[in-house]
Amino acid sequence: MQYGKIDWNDIWKELMTTQQRLDKTGDKEGHWNKRENAERFWKRTQENSERTDSTLNELPLTSGSKVLDIGSGPGRLAIPIAKRVSHVTAVEPATGMMDILKENMEKQGIDNISCVSKRWEDVDVENDLDAPYDVIIASFSLGMPDINEAIQKMQQVSSKYVYLYWFAGTTPWEKHSIILWPALYGTNYVPGPKCDVLYNVLYNKGIYPEMHVFSMDYTNYFSCMDEAMDFYRDRYVIETQEQENLLRNYFRDVLVQENGQLVEKGISTRVRISWENK
Ligand SMILES: C[S@@+](CC[C@H](N)C(=O)[O-])C[C@H]1O[C@@H](n2cnc3c(N)ncnc32)[C@H](O)[C@@H]1O
């Protein structure tokens, strides 16, 4: 075995690009460009606010901090962080997510977030950012095909702390895809790269981060089966009646009744990967 010759960034690239190719929505930001998906995400995070509270408590924020939130989504972290620090730059490429972030800023009277509507890999360090940043966060947003380059860019604009949040093991939604893909499309589903690959990329760059594993509930609430099907039909891109029937039968078994709602319930294992640049 040629241990020293494993190119972990190549492994990340292959798994990430395969996953993005498999994404049936057809564009890179796919799911998150749609307003209804961004709204559902925002609602879910507001209902599960303990997780956000514990993240806020573990970040080394001070009133003078300048923070970079990469893949900020609708502002689950950027909004409460902005209330505690001097400035936040939020990088978010998906229009659905960015629209909700801007609405949230307006509703809450927040004027210390600069919004950059780009993918991290397309961000121009000189013109789009206000480096250096005391705290850099990328929370479940590492959809970059070249993670080595993405981290290099973070290091370039970091003056101290970097906090990445990512996944360990197969996520609940990947478990559905693994079962559904062969039946729907006649091909196998390939899950995206996880924290093992990321750790090795960092290690090979001489970064030895702290790793903290935790679990997080993954829940989706629907008022009825038709609403659930609108959501899943979009995620899986359904073109034939046969696929429609297959999907409906599958999720009829998966969803559970709870207080008059249909609920998709799952638990995912997540990981916080952090380091301090000296
Ligand atoms: C699951 S959401 C997480 C949002 C937020 N960070 C949070 O923890 O609540 C993932 C976000 O990452 C963004 N994202 C994915 N790939 C990205 C990239 N290459 N550059 C910047 N953001 C990206 C998506 O558009 C999406 O809004």
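Helix α3 spans residues 49-58, and its buried residues are Arg51, Thr52, Thr55 and Leu56. Buried denotes under 20% relative accessible area and exposed over 50%, with a 1.4 Å probe and protein chains only. Helices are DSSP runs of H or I with at least four residues, strands are runs of E with at least two, and both are numbered from the N terminus. The structure is a predicted model, in which local features need pLDDT of at least 70 and side-chain atom pairs pLDDT 80 or more, whereas totals for chains, interfaces and linings use all residues. Residues are numbered from 1 along each chain as its sequence is written, and side-chain values use heavy atoms, without hydrogens or water.

The buried residues pack against α2 (35-47), α4 (78-82), β5 (158-168) and β6 (210-222), with contact meaning heavy atoms within 4.5 Å.

The ligand is surrounded by 18 residues (a heavy atom within 4 Å). The closest are Gly71, Arg76, Glu92, Glu121 and Ser139. Polar contacts are pairs of N or O atoms within 3.5 Å. A ligand oxygen lies 2.6 Å from a side-chain N or O atom of Ser139. The corresponding distance is 2.7 Å for Arg76 and 2.7 Å for Glu92. The protein covers 92% of the 600 Å² of accessible area that the ligand has on its own (Shrake-Rupley method, 1.4 Å probe).

Terms used. Polar contact = N/O pair within 3.5 Å; in protein donor to acceptor, adjacent residues only side chain to side chain.
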